[in-house]
Amino acid sequence: MGQVPYVAELEVWLRGHSDEDKAVAMAAYMRDQFPFLGIKSPERVEATRQFLKEKGTPELEELDAIVRALWKLPEREYQYTALLLMEKRLKKLDASWIGLLEMMITTASWWDTVDIIAGKLVGGLFGRYPELIPEYGDKWIASDNLWLRRSALLFQLGYKGKTDKDLLFGYIRQCADEEEFFIRKAIGWALREYAKTDEHAVRAFVKETPLSALSVREALKRIGA
């Protein structure tokens, strides 16, 4: 049981919806990185919605402790639920929450949580507090932690016309020669999304920048060579 009362109740609630057969399949899909309760996303979201209807969504003063407690539980659905709770309070989070997000990126790390943290939570926070970007974005892209580097590449995914093109391209150049799959894939994904806003800039960047075949293929997937 989690030590935080709210988490203890939530843990029991979600565990009551577990399915052992689905848990095995879900863990296998994630390369057995984490155990699962076996609650598919639609059912988990609905179960969480029902719990929140009864118990309420945590207020900011409770949220940090609740998220940290959920993050320590072994089954992956608890981390997904922590992300959902964070998303519900995203607009109320101030710059001080970046430390928690950094912890979430670097703990129990895999693409399924990191991409949500980077694209939604970090992206939303950096959008409101751009002064965080030089300190954290620059630190992350130079980090030896691949999930921090991936987050630096992906936090602008939803920025569209507000994307800092020079920052994005600069970050990509810093890790363009990496062999790590998750970095090469992130480079291509970030470029593919930005191509929806500025196709010409992405074409030119891909043409002039030595990138892996995977990154190029992902970058040009929607706009062609």
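Student: Leaving aside its neighbours within four places in sequence, which residues is Phe 126 in contact with?
Tutor: The model is a predicted one, and the contacts are computed from its atoms, with heavy atoms within 4.5 Å taken as a contact. Once the neighbours within four places in sequence are set aside, the residues in contact with Phe 126 are Ile 98, Leu 132, Ile 133, Tyr 136, Gly 137, Trp 140, Phe 155 and Tyr 159.

Student: Is Thr 209 buried or exposed, and which backbone oxygen lies 2.7 Å from a polar atom of its side chain?
Tutor: Thr 209 is found in the loop between helix H12 (199-208) and helix H13 (213-219). Because its relative accessibility is 10%, and buried means under 20%, Thr 209 counts as buried. A polar atom of the Thr 209 side chain lies 2.7 Å from a backbone oxygen, and that oxygen belongs to Phe 205.

Student: What is the phi of Arg 31, and is that residue buried or exposed?
Tutor: Most residues other than glycine have a negative phi. Arg 31, in the loop between helix H2 (20-29) and helix H3 (41-55), is not a glycine and yet has a positive phi of about 55 degrees. Its relative accessibility is 59%, so Arg 31 counts as exposed.

Student: Where is Asp 32 placed, and what is its phi?
Tutor: The place of Asp 32 is in the loop between H2 and H3. With a relative accessibility of 58%, Asp 32 counts as exposed. Although Asp 32 is a residue other than glycine, its phi is positive, with a value near 55 degrees.

Student: Why does the salt bridge of Arg 173 and Glu 208 tie together parts that are apart in sequence, and how many residues apart are they?
Tutor: Side chains of opposite charge can pair when their charged atoms come close. The side chains of Arg 173 and Glu 208 meet in a salt bridge, at 3.7 Å from N to O. Arg 173 is partly exposed at 46% relative accessible area, whereas Glu 208 is exposed at 55%. Because Arg 173 lies in helix H10 (residues 165-175) and Glu 208 in helix H12, the pair ties together parts whose separation in sequence is 35 residues.

Student: Which residues are linked in a network of salt bridges, and what does the count of salt bridges come to?
Tutor: The network links Lys 185, Glu 218 and Lys 221 with Arg 192. A salt bridge here needs a side-chain nitrogen of Lys or Arg within 4 Å of a carboxyl oxygen of Asp or Glu, and by this rule the count of salt bridges comes to 17.

Methods: Residues numbered from 1 in each chain as written. Predicted model: local features only at pLDDT ≥ 70, side-chain atom pairs only at ≥ 80, totals over all residues. Heavy atoms only, no water. Helix = DSSP H or I, 4+ residues; strand = E, 2+ residues; numbered from the N terminus. Buried < 20%, exposed > 50% of the residue type's maximum accessible area, 1.4 Å probe, protein only. Polar contact = N/O pair within 3.5 Å; in protein donor to acceptor, adjacent residues only side chain to side chain.
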